[in-house]
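Please read the sequence and the model side by side. This report then walks through a few local features.

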Amino acid sequence: MKSRKLKHTRRRATILTAAATSAVAGVALLPNWNAGASTAAEPQVDAKTKAAFQSLADAVFTDRTNALVDQERHGGKKALAGRFSGKVELSSGIGRTEDAARKQLDDRRNRLASNGEKYSAGSTKVTLDRTQVKGRTAVVVVTENTTLTYAKVTGGEPGTTGFQAHHELTFRADRQGTWKVTKIRETGDGYLAVNQLAQPKTTTVAAKTTTTTPAAPRAAITKRPTAVPKKLTGGEYDYQAMAAYAEKYWTNYNPAYPNFNGAGAGGDCTNFVSQALKAGGWKHVPGYVYDYTRWFGTADIQSHSFVGVNEWSWFAQNSKRTTSLANVYQMDVGDVLQVDFNKDGSKDHTMIVTSRRNGVPYLTYHSTNTLRRSVTSIISSYPNAAYYAYRT
């Protein structure tokens, strides 16, 4: 739910699998055209055609995942999606776009490697959610589940990182009955997928006129300062319980709370982080839902500070439950990271640290559902954003 006076974008989040070779099999899954149909007839979309749509989508996103893996690219052969021909294939324009996308992800892989992070393997599986056909246009909605395996560069990395993303592909049939992908776009509120290409959408809004809301200082993203580790259990808060909650519900949402993903809902990222903090011992502060000095969330009612990116920051600072960290690499388990992607002064996204290995925090979040993504990966993807790190 969005504030009436500020944007509150709580983003979505992410996981897993499929053999890249499964996509190649899609070449054989061609539409079943009516015998003797004229070139002017509208093509039919049957089960085999839908399977070919799914296989091509699987190939596109498998190619993107492969571009991030630290191994020889495609063996010198064409990308998986480029091998489709006949009745279902990429348009020439999308083919060029995907070539550029893989180059961008190759560059990202190289930036990560220079910062000590590599992926040794990747697996992507795309499922078909629905297909809408009108005349010669088919709109195909799919869900991508991807897992990347961390290479042991330092020896302390987690096993994997995973995410779940949603996409929409538009196919157009030409007069010969060939369906070609003419558009690929991300859907939903989330955008922080590891193989995400475009910069996130942002909305400029008028600044709130109040002067009573505390402003958090930005955190540096230089690598890697000395960090003071936290006592994870046995204190006022149980940070291991926070991490355990987030890793349990990162993709299977807790039905005891509302889900703020979906059209007009604003995204679930801060709601999810608040739930994890509550699981680790943060107590409710009851009151008026619009009062940022209050903080509470149940199945029936939530304060804006429980679900809103900026309001959470205001509450966290005003209540003294957090202190600001000077550098994102100082974060430990249970700490919170927020991002203002376009530096317009209004924060866009909230994440929680669920692991710290060899000086690197790993974040879990909703809107794009994501498990244990390194802060190195995030700042490599969004180097021009403003970051705010909170010790909880």
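## A threonine in a loop

Thr178 sits in the loop between β4 (160–173) and β5 (179–186). Helices (H or I, at least four residues) and strands (E, at least two) are DSSP runs, numbered from the N terminus. The model is predicted: local features need pLDDT of at least 70, side-chain atom pairs count only at pLDDT 80 or more, and totals for chains, interfaces and linings use all residues. Residues are numbered from 1 along each chain as its sequence is written, and side-chain values use heavy atoms, with hydrogens and water left out.

Is Thr178 buried or exposed? Thr178 counts as buried, at 11% relative accessibility. Buried means under 20% relative accessible area, exposed over 50%, and partly exposed in between (1.4 Å probe, protein chains only).

Thr178 is in contact with Gly86, Lys87, Glu89, Arg172 and Ala173, leaving aside its neighbours within four places in sequence. Contact means heavy atoms within 4.5 Å. A polar atom of the Thr178 side chain lies 3.1 Å from the backbone oxygen of Gly86.

## Backbone angles

| Residue | Phi | Place | Relative accessible area |

## A covered helix

How many of the eleven residues of helix α5 are buried? Nine are, and the helix (residues 269–279) is mostly covered. The buried residues are Cys269, Thr270, Asn271, Phe272, Val273, Ser274, Gln275, Ala276 and Leu277. An α-helix has 3.6 residues a turn, so residues three or four places apart point the same way.

What covers the buried residues of α5? The cover includes the helices α4 (239–249), α6 (304–307) and α7. It also includes the strands β7 (336–340), β8 (349–357) and β9.

Just after α5 comes Gly281. Gly281 takes a positive phi of about 120 degrees.

Definitions and conventions
A polar contact is a pair of N or O atoms within 3.5 Å; within protein, one must be able to donate a hydrogen and the other to accept it, and residues adjacent in sequence count only if both atoms are side-chain atoms.
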